[in-house]
Amino acid sequence: MDKISVEKKWNKRWQDTKVYQFDKSNVDNKHYVLEMFSYPSGSRLHIGHWYNYALSDSYARYKVMKGANVFQPMGFDAFGLPAENFAIKSGIHPEDSTLKNIAVMEEQLKNIGAIFDWDAEIKTCMPDYYKWTQWIFCQLYKHGLAYRKKAPVNWCEHCNTVLANEQVVDGRCERCDNQVVKKDLTQWFFKITNYAEELLNGLDDLDWPEKTKAMQRNWIGKSQGGEIEFQLTTGQAFRVFTTRADTLFGCSYVVLAPEHELVKQITTDECRQAVQDYCDEVAKTNEIERLSTAKEKTGVFTGAYAINPINGRKVQVWIGDYVLATYGTGAVMGVPSHDARDFDFATKYGLAIERVIKSADGSDDTLPFCNDGVMVNSDKFSGLTSEEGRLAVIDELEKVGKGKLTTNYRLRDWLVSRQRYWGAPIPVIYCPHCGEVLDENLPVKLPYDVDFRPDGTSPLARHHGFVNDVKCPKCGADAKREVDTLDTFVCSSWYYLRYPDSNNENAPFDTEWIDKMLPVDKYVGGAEHACMHLLYARFFTKALRDMGYLHFDEPFKSLVHQGIILGPDGNRMSKSRGNVVSPDAYVGEYGSDVFRCYLAFGFKYIEGGPWSEDGIKAINKWLDRVERYVLAAFDKYETTDKMGADEQQLNVVRHNTIKSVDADYEAFSFNTAVARMMELVNAMSKYDQAPVKNAKFYQDTALDLLKMLAPLAPHFAEELWEQVGQDYSIVKQAFPTFDENALKLNTVEVLVQINSKPKLRLNVDSSLDRAGLEQYVLSQSKVVELLEGKQPKKVIAVPGKLVNLIV
């Protein structure tokens, strides 16, 4: 078979006949399959795209054959830094390069033979999409979930833009790998923290990988404890959050974040220079580094003192890099006797260390003793267990207005401003009279004629017309536009809602329709998005639900992470390493079906692994064998209607293969599905050698093989389906079902030996035990003849294998 020409033939016919079109009238049977959409920063699909999209499509095709009404759309996450950075280097406008890349990738995706619904396609950089991204911003603003404030932000000097905490990896920009620094800017935020508790609790019911759910739980970081007020000797007050109020009597110092608003006010003249120098140094690091458990904790004394509210003792006030202004209250208490970090800090700087907890069971409680125990040196609270003491101390402080029980979260509000060009403009106008005002005359279009070379300010600020040609929607006065653009993650936080209603010009989606189409039944994409996209999409869904625009709680019911195909050297593919493997050459030589089958067989889908081309030729030859035996089943040969031993043996393999492949597709275990089909082809090869064959049985087995193979080699299977005279199309066929009774042989061939010498083979009932097998063999006329009237002295019977008669 000329696989290349066959693929062109069937791609055209599938597109012309729309054989895979989603049936909107059968929405009750919908199965929404979605792959995380591609970013068109490169000009062609790479192996990662193929691995994700081709094999997810195999799952979608399988679900079609299982009777589901599959909706599998495709689009492009087209805004963002890569296209803009490419534009800066090449001089090609990001809109031009992005749309050109999309056109190429569309053609490649169609050539995969996937059942994508191209009528639902979206491109996030087009006004008909980002109009509704801006609309969602407006709704969030109206409901108090979008706000603007000055805050220390992660700043990448190379990309000249702000990064969300999730976009900083080991202190470096995830895009360019350059050092990230701190910078104070007025930015837009989404109040995702309002949903912290629901985001946490909702994870329990999701069919997601446990590791991903654990990552989100850790990122949200719920802590239950107490908030305690310390008063400075100069009169000001601040609060600390602690989960260990039982250790408050051991507090010998407190630490403020270097960015805390009180630092400049309380620092004494003697300590001012040291404090300023320290703050300057900390500004060069980022939050991820500062929170690292491996990094030594440092600090400097401000010269100020605060009063411990539980015992009236005066304690020093320090600043330290491990305390963040944006987390909790921006202040912590230091209890060196019962916290390892505080113990190291106090030891380093010569601060007091006093035990206030001892072991409850006499076990080793050498300081720092960080476990629960019994309170000591704690006045009237001494003798209480840690659990009792935590509540009792807070209760005592609450009576005098110095404490309360509270819950804290590690999760911070989502910073969405970006000082870059290639993104959706933020729909806000600044009026000298009315202040910040939403611009609901959408879309606020991104102008094409912009100097997007970075200089540390937003490129849109240099476009006079965009900034100034606007009137205040409230009072009509001259005003100015917001010049920052939205983080590209905003665009991808709702795209799954747009797909089912992508041509709606009057709303982002119709509520009644979207309630029927969502949640996504199977979502497939990379695990690297656990604490960004997957969390943001959940937030958007819950926020839009609370506004009444939809009526479900979660966007993605079931989630699968594909593994990563590494370079041949075992490292992640990158141009700098020179280990990038392009799929184009393989697809050009062998065709997309062979390449898809090789990706399926060569890797465990959720794990991936190093690329090796060694097996692709073997897969090509295996498909040739499939062709040979499928056609052989429909060739001319001597036939029988009986289901003899040969037929029964092949039938057992056939039904076991159907059972296994069915389960394997459901579990995204494509490698084992191919392995099972290889076993069936081997069994067909053996059966094909039989001089007389049951034609109907052989042909039914071949057709079952084609139906099982169709999700992985769609063009190939469709072509053979047509060649053996079947009606168009194979995808409309039901996936084969297995017969439980056919999973084991009814009869089995056993070897009969006399004095350990083979004499003949008999087909016997496979259920016979040792005694039954012995009785059956001895009753057979051929065996009686061979014994020549002699009675065996001993019979060795092994059920399912042999009977040895010793005479």
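Helix α19 (residues 592-602) packs against helix α20 (residues 616-633) at an angle of about 115°, and their axes lie 9 Å apart. Here axes are lines fitted to C-alpha atoms over the stretch in contact, with angles running from 0 to 180 degrees between N-to-C directions. The crossing of α19 and α20 is right-handed, a term for the near helix being turned clockwise from the far one by less than a right angle. On the α19 side, the contact (heavy atoms within 4.5 Å) is made by Val594, Phe595, Cys597, Tyr598 and Phe601, and on the α20 side by Ile616, Ile619, Asn620 and Leu623. These residues divide into 8 nonpolar, 1 polar and no charged; Ala, Val, Leu, Ile, Met, Phe, Trp, Tyr, Cys and Pro count as nonpolar, Asp, Glu, Lys and Arg as charged, and the others, Gly among them, as polar.

A word on the model: it is predicted, with local features needing pLDDT of at least 70 and side-chain atom pairs pLDDT 80 or more, while totals for chains, interfaces and linings use all residues. Residues are numbered from 1 along each chain as its sequence is written, and side-chain values use heavy atoms, leaving out hydrogens and water.

Now to strand β12 (residues 314-320): 5 of its 7 residues are buried, so the strand is largely enclosed by the rest of the structure. Buried means under 20% relative accessible area, with a 1.4 Å probe and protein chains only. Helices (H or I, at least four residues) and strands (E, at least two) are DSSP runs, numbered from the N terminus.

Finally, the aromatic rings: the structure holds 59 aromatic pairs. Rings of Phe, Tyr and Trp (its six-membered ring) pair if their centres lie within 6.5 Å, and planes over 60 degrees apart count as edge-to-face. Phe539 and Phe540 have ring centres 5.8 Å apart and planes at 70°, so this pair is edge-to-face. Both Phe539 and Phe540 are buried. Tyr687 and Tyr698 are edge-to-face too, at 5.2 Å centre to centre with 80° between the planes. This pair links distant parts of the chain, with Tyr687 in helix α22 (residues 670-688) and Tyr698 in helix α23 (residues 695-709), 11 residues apart. Tyr687 and Tyr698 are both buried.

How values were computed. Buried < 20%, exposed > 50% of the residue type's maximum accessible area, 1.4 Å probe, protein only. Phe/Tyr/Trp six-rings, centres within 6.5 Å; stacked < 30°, edge-to-face > 60°.
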